[in-house]
Structure formats: C-alpha cells, structure tokens
Amino acid sequence: MARDENRRITDLGTLKALAHPLRANLYRLLCMERVATASRLAEHVDEAVSLVSYHLRKLADHGLIEEAEPQTADGRERWWQPASDGVTIRDEDFRGEPGKAAAHLAATRLFHDQRADQYRRYLDERPAWGPEWNTASMDTESWMRLTPAELTELKDEFAALLRRFDARGRAAEAAGDTEGREHVALHLYGFPFRA
C-alpha cells in the first residue's frame, strides 16, 4: 500500500467528495478492511455494487483511494485500498470564504453524526461483545482548563500514542497474532466551551 501517513485535505473538491455520506462510510470501511472490492464493500453498506463502484471511483478521482494489487486470480475483480493511513481536515484550511467554511462545517457534522451512530450501534450490541470487551471499552469525559497551546500539545501527544498502538497492532497482525483482535474505534474531541 502506498502510505502517506495522513493526507491533509486542503481543497474544497476533495472535502466535498469525502463528505458524501456513502463515500465517507466506504472510505472508513476500506481503511478498516485495508483492501477490498466494491462487491465486498457493497455487502457492508447494503447498496448495489454498481453504486458502490461509482462512489469508489469518485474517491479515487480525488486521490483518497487507489487500485490495489489483485488478491485473487479473478481478473474481473477490481481491488481498492486507501491511498494513505487516513486523512486530516483542519479548520484553518477552510477559513476565509463563507462557502469553504460552510462546506467544512457540513463535513464535520456528517463525520460526527456517523461516529455517534457507530457508538450507538456498539451500545445496542454491547451484550453480544461479552465482559472482556465491555470492560476494555471506554466512555469518558474530562473537564480541564487549558490554553490553545496546551490543547495543541495534548492533541499531538494523543496522536503519537494512537500511532504507536496502531503500529503495534498492525505488526502483531502481520506476524499472525490475530486471536481476539477486533477493529476498535476511538473518538476523541477536544474543544473549548463556556459554562
């Protein structure tokens, strides 16, 4: 896989391409699967393969995903993979113009809603995960008084910690250690507010 660590999205066209609800879900699924076909992804999102193929091509047009090496001998299958480890979308890249700011806000809300839906699904399915996963899962809030510089430092330290755990998990899986290994989502928000 051609890896860019995280790709920073700075243009409005790419942001809009990713901010489509189905495309955002497909991108997230492809990041989890690492390599997949449209038909495999279509099963996950309960959509027609032709529709999924169309949206995958749109993601590819913006360099978010790319064709992968075939995983089977079936030459009719087109395999896809993320073009980077993930994406970074920063407010600072969409300030200044009302249209850009509105698109960034709409995308951010969509991504938040999808993350919240994912967590709600976990809550609904929690009994099926069993005590070990339920004990390991977390749901926490922290209330701090920080400066923008301190919040930036905290964000950077969390990002480094996440990269370390992701690398460790990927290395273990590559070495064949797959027993008990599941996808894990960690949604973290840090933002100012006034009481």
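## Salt bridges, patches and helices

Aspartate 166 is partly exposed, its relative accessible area being 37%. The model is predicted. In it, aspartate 166 pairs with arginine 170 in a salt bridge, with 3.0 Å between the closest N and O atoms. Both residues belong to helix H6 and sit four residues apart, about one turn of the helix. Residues three or four places apart in an α-helix point the same way, because there are 3.6 residues a turn. Arginine 170 is also partly exposed, at 25% relative accessibility.

The structure holds nine salt bridges. Among them are the pairs tabulated here.

| Acidic residue | Basic residue | N to O distance |
| Asp91 | Arg95 | 2.6 Å |
| Asp117 | Arg120 | 2.7 Å |
| Asp166 | Arg170 | 3.0 Å |

Take the aspartate 117 pair. Aspartate 117 and arginine 120 are three residues apart in helix H5, which runs over residues 98–136. That spacing separates aspartate 117 from arginine 120 by about one helical turn. Aspartate 117 is partly exposed at 38% relative accessibility. Arginine 120 is partly exposed as well, with a relative accessible area of 48%.

Aspartate 91 counts as partly exposed, at 39% relative accessibility. Arginine 95 is exposed, because its relative accessible area of 54% is over the 50% cut-off. A network of salt bridges also links Arg8, Glu92 and Asp93.

Now the surface patches. Glu150, Glu153, Asp156 and Glu157 form a negative one. Glutamate 150 lies in H6, which covers residues 148–174. Glutamate 150 is partly exposed, with a relative accessible area of 38%.

A nonpolar surface patch is built from Trp143, Tyr189, Phe191 and Phe193. Together these residues have about 530 Å² of accessible area. Phenylalanine 191 sits in the segment after H6. Phenylalanine 191 is exposed, at 56% relative accessible area.

Last, helix H2. How far apart should the ends of H2 be at 1.5 Å a residue? The 13 residues of H2, 21–33, should span 18 Å. The end C-alpha atoms are 18 Å apart, so the model agrees with that expectation. Buried residues of H2 are Leu22, Arg23, Ala24, Leu26, Tyr27, Leu29 and Leu30. Arginine 34 follows H2, and the phi of arginine 34 is positive, near 75°.

Terms used. Residues numbered from 1 in each chain as written. Predicted model: local features only at pLDDT ≥ 70, side-chain atom pairs only at ≥ 80, totals over all residues. Heavy atoms only, no water. Patch = residues over 30% accessible without salt bridge, like charges linked within 9 Å, V, L, I, M, F, W, Y side chains within 5 Å. Areas by Shrake-Rupley, 256 points an atom, 1.4 Å probe, with all protein chains shown as cover. Salt bridge = Lys/Arg side-chain N within 4 Å of Asp/Glu carboxyl O. Lys, Arg positive; Asp, Glu negative; His and termini not counted. Charge placed at Lys NZ, Arg CZ, Asp CG, Glu CD. Helix = DSSP H or I, 4+ residues; strand = E, 2+ residues; numbered from the N terminus. Buried < 20%, exposed > 50% of the residue type's maximum accessible area, 1.4 Å probe, protein only. Expected span 1.5 Å × (residues − 1).
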